[in-house]
Amino acid sequence: MTAFHELPSADGLWVNLRLASEALGEGSAAVADAAIAVQQGRIAWVGARGAQPAAFEPLPRHDGRGLLATPGLVDCHTHLVYGGQRANEFAMRLAGASYEEVAKAGGGIVSSVRATREASEDVLFGLALPRLQALLDEGVCAIEIKSGYGLALEHERKQLRVARHLGEALGVTVRTTFLGAHALPPEYAGRDQAYIDEVCSGMLPALAAEGLVDAVDVFCERIAFSLAHTEQVFRAAQRLGLPVKLHAEQLSDMGGAALAARYGALSCDHIEYLSDEGIAAMREAGTVAVLLPGAYYTLRDTHLPPIAALRAAGVPMAVSTDHNPGTSPALSLLLMANMACTLFRLTVPEAIAGVTRHAARALALSDTHGRIAAGLPANFVLWPFAEAAELTYWFGHKPAHTVVRQGRVARAPAS
């Protein structure tokens, strides 16, 4: 694997491009003959070729070959670092077992905890590396990676350290999320409150002090943690100055989204059973709704998220892979965009915004990702597509493209 710092610099004037309207932000128009000036790894200027300032003329040229330019994609909800796999549970569900029945039988999250605890940090890195590379090859330039398969300080630390190492090794923006409140570990059976106390007073402060935590998440659900436990974790995060997010309303309406919004949550994710009250609270708080069609598909769910109500309320909707070994073993963000359109009825512009600017907002990365704009780091993708709708139209193959990530040419277009 070529070290990221050895990849070619993207500095120069990128010409012969077509800028998708989604590249420049909401309300912008597409640009048929565009240019992007990159200096010292950042976008210095972007716009119509004829309007380019003369100061950029001497820069080295990169021929965009008429390709379509979009912002780098953002995968804002993943559980990428884990040991083992859970194909057997997929078979159980196909045979009729419910998600909750699988969990009660000793499967689910706890089975991944066993495998993750048994794996060394090096092994976890080696397992996660090709997963992340698959996403990067498809144009992902920023990603969230959660813990939550360790459920003990040393193992949660191990997951988060691997997440940081992945970002450094592959030159991608990684946002780490502490999900210690993901499930009850076996050694705490019947002692939910004692475990949440350890999460709040032991694990979270220690990991935050080590600089391993960018945000804090909780799985608030009947098979996981209550509203009271969730709020206890949120208060602990608040004391440490860390933003929160929530696995909310996936299997039932627990009222988690409204609670998360009261704490200014970056996002509420899954939200199939989201109520009108939750939508209103999210709108007021500016909380992003993260749609996870991969889990919906894998679990063969039939209860759709309230897309029309979210749209009417103006709640921004992001789309993510939710890559995890149990309910969404997906490694294509474009496939998730397609599913968001076909299963959830998002429009093409909504789906593209969902994997760019709204996903960036869900990670508090709006100032660096999700748009092609002067002053931002150079994170953009060139696609061999006639129109942006093809991003959500094709599935089942990896399109050829150029990926510029953190100011370097991380992937060249296919010949």
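Student: How many salt bridges does the count come to?

Tutor: This is a predicted model, where local features need pLDDT of at least 70, side-chain atom pairs count only at pLDDT 80 or more, and totals for chains, interfaces and linings use all residues. Residues are numbered from 1 along each chain as its sequence is written, and side-chain values use heavy atoms, with hydrogens and water left out. A salt bridge here is a side-chain nitrogen of Lys or Arg within 4 Å of a carboxyl oxygen of Asp or Glu. Go by that rule and you get 15 salt bridges.

Student: Which helices hold Arg161 and Glu121?

Tutor: Those two form a salt bridge, with the closest N and O atoms 3.1 Å apart. The pair ties together parts that are 40 residues apart in sequence, because Arg161 lies in helix α5 (residues 153-170) and Glu121 in helix α4 (residues 121-137). Helices are DSSP runs of H or I, at least four residues, numbered from the N terminus. So the names you want are α5 for Arg161 and α4 for Glu121.

Student: Is Glu221 buried or exposed?

Tutor: Glu221 pairs with Arg222 in a salt bridge, their closest N and O atoms being 4.0 Å apart. Buried means under 20% relative accessible area, exposed over 50%, partly exposed in between (1.4 Å probe, protein chains only). Arg222 has 53%, so that one is exposed. Glu221, at 1% relative accessibility, counts as buried.

Student: How far apart are the closest N and O atoms of Glu57 and Arg61?

Tutor: Glu57 is partly exposed at 35% relative accessibility. Arg61 is partly exposed too, at 40%. They form a salt bridge, and the closest N and O atoms sit apart by 2.7 Å.

How values were computed:
Helices (H or I, at least four residues) and strands (E, at least two) are DSSP runs, numbered from the N terminus.
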